Amino acid sequence: MSLFPWYVFCLLFLLPFLDPRRPLRLLHFDLVILLAAGIWPLDASMGTEPPAWTAAITAAGLLWLLGRLLWAGFRPRRSSEPLVPLLPTSWLAVVVVVLVCLRIGSMAVSPAYVSDVGIASIIGADLIGDGQGVYDGQVHRELPHGDTYGPVTYLAYVPFEQVIPWPGSLRPGDFEQPKPAYAAAAVFDVLVLLGLFLLGRVMQRGPNGDRLGLALAYAWAAFPFALLTLRFSFSDTVVGLLALWAVVALRYPFARGGLAALAGATKFAPLVLAPLLATGTGERRVRSSLVFAVAFVAVTLAVYLPLMPDGGVSELYDRTLGFQEGRRGWVRLWASFPELNWLQTLSQLAVAGLAVAAAFVPRRKTAFQVVALAAALLIAAQLSGRNWSAAYAVWFAPLAFGGLLGAYDCADVPRPRRRPPAPKVGTAA
């Protein structure tokens, strides 16, 4: 993906939320940080390694977003400032549709190559479709370390691989050829858009909820990192998609328990959401937590047991999290400082403590607070990891949009009133 459409989408992402009458409002800064936190590591997706100082920029941006979302979750405060100051709802809806058509249409007209993680997901889906295991080294033979993710990362691609079968091996030019990964990426992208619209209605009711949902969907449609994962068919969208839908199902403990389990079985970081989603908004806490736990455990067993390698949990860990801890990533956060491994361990313990605290404090939460805290926990989990990738932004972005945008006034832009025609000269008033 060239830098030209990247910066165009950066501008599109900001435009509807810019208020020329309030140029210094906090939302402007939040949105710029969302873009800047990963823009420097973008060079790594082009095949070049970013300089070491990009880790500091990434960490600083993520820390800012973490602080803002924690504040929104623990100390919620509504703002009277308009979320979308100048664009009527009908226009906003039209722009969302146009952007989605342009994004997905560009894949059909000028497809990019499928990323290695996208290829790995398709190979895993092919093995599952043939009744074979994922963690027995076969994905590794086709693509080095392709079996390092949770089972849902592969299961999510099974329907697409069944419709557009994998040829069976990597051949010259395969990375440039259309793959079932393209179809999967497009479907996942649309499901995120739908989930964001519904999230707006979960956070606010009535017309304001619809307008908030459209604003969230627009943010995703114009978000450059979402375009990155779509164009190169990264499997990371599955992580953000399932985490988002687990929160959308906030009012239904059994559904959110199952979806939370699926999210945790993608790339493991969403497991940090389990305590928060178990208690939900705090209503009927014991009953809803038990229902959540039953669904969570049942779905976890259902996706892991059929694909468990011969070496059991130990081998599964070695192939997934064990390998991820030692690999060389795009942006090396803790991996750049091996002498600080002890501090990384403390940070991971702090994240676990934060996950438990968010489940009980405050005792009663609004949907907005749950959304903000869920986004904060995903960012905290990433900050405690050894490496970071620009594609990881889509893990937390859908929920972060809700936590950052949901505090603003979502009323529609008032239409200008037509003045009555002036009476003609010589006629009675």
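Helix α20 spans residues 367–383 in this predicted model. The helix has 17 residues and reaches 25 Å from its first C-alpha to its last. That span is close to the 24 Å expected at 1.5 Å a residue. Helix α20 is mostly covered, with 17 of its 17 residues buried.

The loop between α19 and α20 holds P362. A cis peptide bond joins V361 and P362, with omega at about -10°. Most peptide bonds are trans. Helix α19 itself covers residues 341–360 and includes L349. L349 contributes to a nonpolar surface patch, together with W342, L343 and L346.

Confidence across the chain was examined next. The mean pLDDT is 86, and 85% of the residues reach 70 or more. Over residues 43–47, the pLDDT falls below 50. This stretch still has seven contacts in the model beyond near neighbours in sequence.

Charged pairs were then considered. Side chains of opposite charge can pair when their charged atoms come close. The count comes to 10 salt bridges. One of them joins the side chains of D30 and R68, at 2.7 Å from N to O. D30 lies in helix α2 (residues 26–39) and R68 in helix α4 (residues 54–74), so the pair ties together parts that are 38 residues apart in sequence. D30 is buried, at 0% relative accessibility. R68 is buried as well, with a relative accessible area of 18%. The cut-off for buried is under 20%, so the value for R68 falls within that class.

R211 forms a salt bridge with D412. The closest N and O atoms of this pair are 3.2 Å apart. The pair links distant parts of the chain, 201 residues apart. R211 sits in helix α11 (residues 206–222), whereas D412 sits in the segment after α21 (393–405). R211 is buried, at 3% relative accessibility. D412, in contrast, is partly exposed, with a relative accessible area of 41%.

A further salt bridge lies within one helix. R319 pairs with E315, and their closest N and O atoms are 3.3 Å apart. Both residues belong to helix α17 (residues 312–319). They are four residues apart, about one turn of the helix. R319 is partly exposed, at 24% relative accessibility. E315 is partly exposed too, at 23%. Elsewhere, D19, R21 and R22 are linked in a network of salt bridges.

Backbone geometry was also inspected. Most residues other than glycine have a negative phi. S233 has a positive phi, near 55°, and is not a glycine. S233 is found in the loop between α12 (224–231) and α13 (236–248). At 0% relative accessibility, S233 counts as buried. F268 also has a positive phi, of about 70°, although F268 is not a glycine. F268 is placed in the loop between α14 (253–267) and α15 (274–279). F268 is buried, with a relative accessible area of 14%.

Conventions
Residues are numbered from 1 along each chain as its sequence is written. This is a predicted model: local features need pLDDT of at least 70, side-chain atom pairs count only at pLDDT 80 or more; totals for chains, interfaces and linings use all residues. Side-chain values use heavy atoms; hydrogens and water are left out. Patches are made of residues with over 30% relative accessible area and no salt bridge: like charges are joined within 9 Å, nonpolar side chains (Val, Leu, Ile, Met, Phe, Trp, Tyr) within 5 Å. Accessible areas come from the Shrake-Rupley method with a 1.4 Å probe; for residues, only the protein chains shown count as cover. A salt bridge is a side-chain nitrogen of Lys or Arg within 4 Å of a carboxyl oxygen of Asp or Glu. Helices (H or I, at least four residues) and strands (E, at least two) are DSSP runs, numbered from the N terminus. pLDDT is the predictor's confidence in each residue, from 0 to 100. Contact means heavy atoms within 4.5 Å. The expected span of a helix is 1.5 Å times one less than its number of residues. Buried means under 20% relative accessible area, exposed over 50%, partly exposed in between (1.4 Å probe, protein chains only).
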